Amino acid sequence: MAVRLTWDNSHFFTDINDPRIEETVRQIKLEVAALHAACEPYAAAIEGADSLSKADYGDRIEAIERIHKQRIGVLEALGNVSTFVYSRLSVDARDTAASIWQGRLEQLDSLLERAMKPLEVFLIRVSDDFVQALVSDPVMAEVAFSLKCDRKLQNHLLSVPEEQLLSGLSVDGLHGWGNLYSKLAGTLQCEVNGELMGLASASNLLSSTEPEERKAAWQGIQGAWGEHQETVAAILNAINGWRIEEGQQRAHTQALHYLDKSCLQNRIDRDTLDALMETTYKFRSVGQRALNAMATASGLKKMGPWDILAPAPASEEGQAFSFEEAIELVADAFGEFDPEMGEFARMMAEKGWIDGEPTPNRSTGAYCDGFSKPREPRVFMTFTGTMSNVLTLAHELGHAWHEWVMRDMPLMAIDYPMTLAETASIFGETLVRNALLKRAETPAQKLAVRWQDAESASAFLVNIPARYEFEQRLVEARKQSTVVPEQLRQMMGESWQKWYEDSLSEYDELFWASKLHFSMSGLSFYNYPYLFGYLFSLGIYAQRDVYGEKFEALYRGILRDTGSMTAEEVVMQNLAQDIRQPQFWQASLNIVEAAVSEFEALVA
């Protein structure tokens, strides 16, 4: 199998200076202007939207259908250009031309949002009868679920001019701060054992087999962010200050709690979030036990914050994987569950849809994105051959498979929330871990696999909830005043203390600076969806034996439902279970506890 370690996006655009980019953007601008003209009259119709005569339904629906079709075309074209530009910046954060294009595209996206706003507000204000008639139209059926979700915000709408102003200001206001963080993370250099390197390369050393190298990498990363902590503090203050002020403006009729807004974005009920977090807190000792067993296996009294991504000691876990080996490993594991899923993983590598080659100014982290037309997923990561890299690859290819099984669906029907998105990725990881466990023949090999289970338990049952705890503290503190680095350090330390307790030698009080998720402007509380996806995917995976040969089709059905149902509806529809109740989450947490117990036995 011939695989590539870099993207091949040339059939979209040859490079960042391809004239087709300029031509595409020019055409999008014309289409956006036409949409603005078509939607503007709806501003005057909002006041009487809920009493629209049924005699007018037909003409209105026909006009809205034309606007909808035009908007889909714009979203597909804009999506392709945006994905191409972002892929360039991920590989090289210093790409000036790509940075300029990113700014232009964000402005264009804002123009589109403002153009559509009168119609969007109109559709939120119309009667239920009109909405039912609208979504009964075959073309408009794809907006049924998104419109249902939007209409839950009726009491939090601003006027059309205010909504448009907010959208326009957010480009250089809210999102400008998020872009600043990404730029900073992509260009920062840190020193590790006398060698200068980018943060992405240093972060990979946190999975080194050498304890001293891990600690040196962590200290280098700490030093780099420590020098820029005032900048990151300003970013966090600006982003959260914006969100708080926006929330206050939207609370003109009904209170809007920041967690309620987050739940709406993630399409879950607040009761579901509360059940998830409360049940996990009762099981936090399972994650702590995993860390303690990992320390024992490593000959340490306590794990340090630089050790939480360490590989299993003295086993195959320390081996280096080539990219070809990693792809085969993941593809085989996927294929044991679903042959088409395995072939898909190979196709991703053969077609150049994965970029993992380390580059000097590379962005940190990993993600799955995709082009809109034709539907083609893309995976970004930094591959250096560790087992952690292999599982990251499985995670992102799980995301990609989710997009692939929905590629024939309408664009508006594949807009799934982060909670359900993480289900597919962690399901992919689980497939790889369990395949490795089946093949393990010696105690050392079993320990290497169960080590990954233990690492996940500590990450999802302790680290992710600590992030959630910190972000709540941050928002509450920001309501009162600007938050300075010393306060951020203290809040992070207290958050880690609550969840880690004494399972680490010390806490990472600068985690608020080094973790990208806190500075992402597009979505607040970019943390608990990972815990949700982890436990949800384990709960789904546990149904394999129950459903037998029907499970493969059931899993695909779950993935295809994620863009048109709430999380509660997806589970009730496919598994007949209620995720608002602690029992659902406890069943998944029992699976984690059993894996950690087995790991403890192997260590002993």
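Mentor: One term before we start: a crossing is right-handed if the near helix is turned clockwise from the far one by less than a right angle, and left-handed if anticlockwise. Keep in mind that this is a predicted model.

Trainee: Okay, does α15 pass α17 in a left-handed or a right-handed crossing?

Mentor: Look for α15 at residues 323–337 and α17 at residues 387–405, with axes 10 Å apart. The crossing that α15 makes with α17 is right-handed.

Trainee: Is α15 roughly parallel or oblique to α17?

Mentor: The two helices pack at an angle of about 50°. Angles under 35 degrees would count as roughly parallel, and 65 to 115 as roughly perpendicular. That's why α15 counts, relative to α17, as oblique.

Trainee: How many residues of that contact are nonpolar?

Mentor: On the α15 side you'll find, among others, F323, I327 and F334, and α17 brings in residues including V390, L393 and G398. Sorting the contact residues gives one polar and no charged, and the nonpolar ones number 10.

Trainee: Now salt bridges. Which residue pairs with D269?

Mentor: D269 sits in the loop between α12 and α13, and its partner is 311 residues away, in the loop between α25 and α26. The closest N and O atoms are 2.8 Å apart, and the partner of D269 is R580.

Trainee: And D18, which bridges to R20: is D18 buried or exposed?

Mentor: Their side chains meet at 2.9 Å, N to O. R20 has a relative accessible area of 39%, so R20 is partly exposed. Buried means under 20%. D18 has 7%, so D18 counts as buried.

Definitions and conventions
Residues numbered from 1 in each chain as written. Predicted model: local features only at pLDDT ≥ 70, side-chain atom pairs only at ≥ 80, totals over all residues. Heavy atoms only, no water. Axes fitted to C-alpha atoms, helices over the stretch in contact; angles between N-to-C directions. Helix = DSSP H or I, 4+ residues; strand = E, 2+ residues; numbered from the N terminus. Parallel < 35°, antiparallel > 145°, perpendicular 65-115°, else oblique. Contact = heavy atoms within 4.5 Å. Nonpolar A, V, L, I, M, F, W, Y, C, P; charged D, E, K, R; others polar. Salt bridge = Lys/Arg side-chain N within 4 Å of Asp/Glu carboxyl O. Buried < 20%, exposed > 50% of the residue type's maximum accessible area, 1.4 Å probe, protein only.
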